[in-house]
Amino acid sequence: RISHHDDGPIEIIGHDATITRVMQNGSENDPGIDVRGDRATIERCRARATWNHGVYVRGDDCVVRDTRVDDTNNDPGIEIQGARAQVVDNVISGCVRYPGIDVDGPAFTISGNWIQDVGDGRPGLVADNGAGGGPSVIADNTVAETGGNGIEVLGDGVSVTGNRVADCVG
């Protein structure tokens, strides 16, 4: 368990990690919060002015909740690669070259997020469920002011409901 950290990137390799109330300020070469392992929970954190991901997770059954990411440059604000991801109630703003949220894996839930000010022709939210890898949900998100589509969905079996999209170029 890590909490109240505010200096430099956080990298965790291992299962069952919990990261709460962490603030990460700027890093030129590393994601703000980088987790490789299953069943990670990241909540009530903040990453800002990072050159790479705000939050980058590679593992199954992971949760990113109630986290704020501002001003990422070369990667998504929040990216999860793994099955059964939950990305819930986050705020993402100022992603220069990549989506605010990018989830790649089956059976995900992306809900209640606010994504704004994504540039360079990119969507605010992109999700890939794979080849029918299980039911997935994209619901009740707000996506505004993107340089591309508000929401892009790849794969089958995704329910998209109750989202609000405004001022997106795509």
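Let me start with the cysteines. The sulfur of Cys45 lies 14 Å from the closest cysteine sulfur, which belongs to Cys62, and that is too far for a bond. A disulfide would need the two sulfur atoms within 2.5 Å. Cys95 is in no disulfide either; its nearest cysteine sulfur, in Cys168, is 13 Å away. The count of disulfides comes to zero.

How confident is the predictor? The average pLDDT of the protein is 86, and 90% of the residues score at least 70. Where pLDDT is low, the predicted coordinates should not be read in detail.

Next, the interior. In soluble globular proteins, nonpolar side chains tend to be buried together. The largest nonpolar core here has 31 residues. Which residues have the most contacts inside this core? They are Ile19, Ile42, Ile78, Ile101 and Ile110. Several strands supply at least two residues each to the core, among them β2 (10-13), β5 (33-36), β13 (91-95), β16 (114-118) and β17 (125-128). β8, β11 and β14 are also on that list, and I will stay with those three for the pairing.

β8 pairs with strand β11, residues 78-81, in the parallel sense, over four bridges. Within that pairing, Val57 has Ile80 of β11 as its bridge partner. β11 is in turn joined to strand β14, residues 101-104, by four bridges, and these two strands run parallel. There, Glu79 stands opposite Asp102 in β14.

Last, the backbone. Most residues other than glycine have a negative phi. Which way do Asp61 and Glu145 go, positive or negative? Asp61 has a positive phi, near 60°. Asp61 sits in the loop between β8 (55-58) and β9 (63-65). With a relative accessibility of 31%, Asp61 counts as partly exposed. Glu145 has a positive phi too, near 55°. Glu145 belongs to strand β19, residues 142-146. Its relative accessibility is 37%, so Glu145 counts as partly exposed.

To recap: there are zero disulfides, the largest nonpolar core has 31 residues, β11 pairs in parallel with β8 and with β14, and a positive phi is found at Asp61 and at Glu145.

Key:
Residues are numbered from 1 along each chain as its sequence is written. This is a predicted model: local features need pLDDT of at least 70, side-chain atom pairs count only at pLDDT 80 or more; totals for chains, interfaces and linings use all residues. Side-chain values use heavy atoms; hydrogens and water are left out. Buried means under 20% relative accessible area, exposed over 50%, partly exposed in between (1.4 Å probe, protein chains only). Two strands pair if DSSP finds at least two bridges between them. pLDDT is the predictor's confidence in each residue, from 0 to 100. A nonpolar core is a set of buried Ala, Val, Leu, Ile, Met, Phe, Trp, Tyr and Cys residues joined through side-chain atoms within 4.5 Å.
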